[in-house]
Amino acid sequence: MPDAYILGIETSCDETAAAVVRSGEQIVSNVVFSQIATHQPYGGVVPELASREHLRAIVPVVRKALADAGQTYRSVNAIAVTQGPGLAGALMVGISYAKALAFALETPLIAVNHLEGHIHAVLLEERQKGGFSDAGRKLNFPVLALVVSGGHTHLYLAKQRGESWSYQNIGHTRDDAAGEAFDKVAKLLGLGYPGGPIVDKLSAHGDSSAVKFAASQLKNKDRNDRGRSNEYDGPRFDFSYSGIKTAVLRHVETNNMQPAIAERRKELAAIPQPKLENYLSHCDQHTLDLVASFQRAMVEDLIGKTLAAVRAYDAATLFVTGGVAANQQLRQQFEKDAAREGIEVYFPSRPLSTDNAAMIAAAAYPKFVARDFATMDFSAEAGLALK
Ligand code: KG4
Ligand code: ZN
């Protein structure tokens, strides 16, 4: 198979991203334009603003990705774009642009599921290091993938036949995603948006055993974790993170922390790009302990359920990917626990854990080989499932 250079485009949420990847195994360029500054004053992503910012950024971001790669619009072998899941208006910007390019250039177009992209971020980077190949380290099946981000907390069994991949969902969150819980807790403590990275950094300064969260606050109410679903045979491992957010809120109210939070929110908002020192100087020890305890509860729950699924499905390899996979404590603890269980665990590097287009171009490569091209009438699917 000759080399294929695929231009990936990703606009599912608040990052406008484009990248060129060679044959699913080498990042040639990777450009991510973050809209965080636009959404920060609102404490979360505003869908209309996201679409508008994508419209502004898409052309320069794609041009830069091509220029950085030494490629042109005409030289790439295919254009890949995120079809979903994500914000419908945001997805539509990337899809319309990719369709226009593919039509004008007569280049094959490939529609990619964002969650498959997160899984392929791991494969791409391992291949880039020489792994998962005949000569390098083998990829041992069954592979279980935890995709843990702002919109998803999903467990998939990933299968490969020839170059093609397929996925079976064996668990997901019944309410909030893990990243959403990080974002909501940070917001309610006056720490701004996005919450994950700041909670991650502040947690190192708090006592994670100071505040106890009951297991019932992290349990989904409507289904047993090991219950059987109607969709397919086999145990399910579902998550639930709306209860812990409420528990943090109760703790705040019981301990009368609101006046200090309001003050912190105001003071941090006045600093254009607050640094860790600014956050630390606006947090008392009690707040740092609460943040660290919350993160610990999240990490323990994510790892506990994922490892239970590893055992139930006798997985040999575990992928942990998506924005929350950037979390330091989650990575360290997973590595320790996976070693104890005797399974291999892989994470993307931090920049490839959060949204990017290299993962979209990488996930498109098996479809390119199979000539699984999209027709011009496909559209954005906000709730697209991964199969
Ligand atoms: O994958 P991603 O960039 O976008 C989605 O597809 O959702 O994930 C973004 C999410 C946000 O909720 C953000 O707070 C969280 O990932 N996140 C983190 C960290 N970095 C980003 N959560 C915990 N620790 C981090 N270091
Ligand atoms: Zn994502």
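## Two helices side by side

In what kind of crossing does α10 pass α11? It's a right-handed one, meaning the near helix is turned clockwise from the far one by less than a right angle. Bear in mind that this is a predicted model, where local features need pLDDT of at least 70, side-chain atom pairs count only at pLDDT 80 or more, and totals for chains, interfaces and linings use all residues. Residues are numbered from 1 along each chain as its sequence is written, and side-chain values use heavy atoms, leaving out hydrogens and water.

The axes of α10 (residues 285-312) and α11 (residues 328-341) come within 10 Å and cross at roughly 30 degrees. Angles under 35 degrees count as roughly parallel, so that's what we call this pair.

## Who touches whom

Contact here means heavy atoms within 4.5 Å. From α10, the residues that meet α11 include Val-299, Leu-302 and Ile-303; on the α11 side, Leu-330 and Phe-334 are among them. Sort the residues of this contact and you get six nonpolar, four polar and four charged.

## The buried side of α5

Now for helix α5 (residues 178-188), where Ala-178, Gly-179, Ala-181, Phe-182, Val-185, Ala-186 and Leu-188 are buried (under 20% relative accessible area, with exposed over 50% and partly exposed in between, using a 1.4 Å probe and protein chains only). Those buried residues pack against several elements, including β7 (153-161), α7 (242-254) and α10. After α5 comes Gly-190, with a positive phi near 75 degrees.

## Cysteines

There are zero disulfides, a disulfide being a pair of cysteine sulfur atoms within 2.5 Å. Cys-13 has 25% relative accessibility, so it counts as partly exposed. Cys-283, at 10%, counts as buried.

Note on methods
Chains are lettered from A and ligands numbered from 1 in the order in which they are written. Axes are lines fitted to C-alpha atoms, for helices over the stretch in contact, and angles run from 0 to 180 degrees between N-to-C directions. Helices (H or I, at least four residues) and strands (E, at least two) are DSSP runs, numbered from the N terminus. Angles under 35 degrees count as roughly parallel, over 145 as roughly antiparallel, 65 to 115 as roughly perpendicular and the rest as oblique. Ala, Val, Leu, Ile, Met, Phe, Trp, Tyr, Cys and Pro count as nonpolar, Asp, Glu, Lys and Arg as charged, and the others, Gly among them, as polar.
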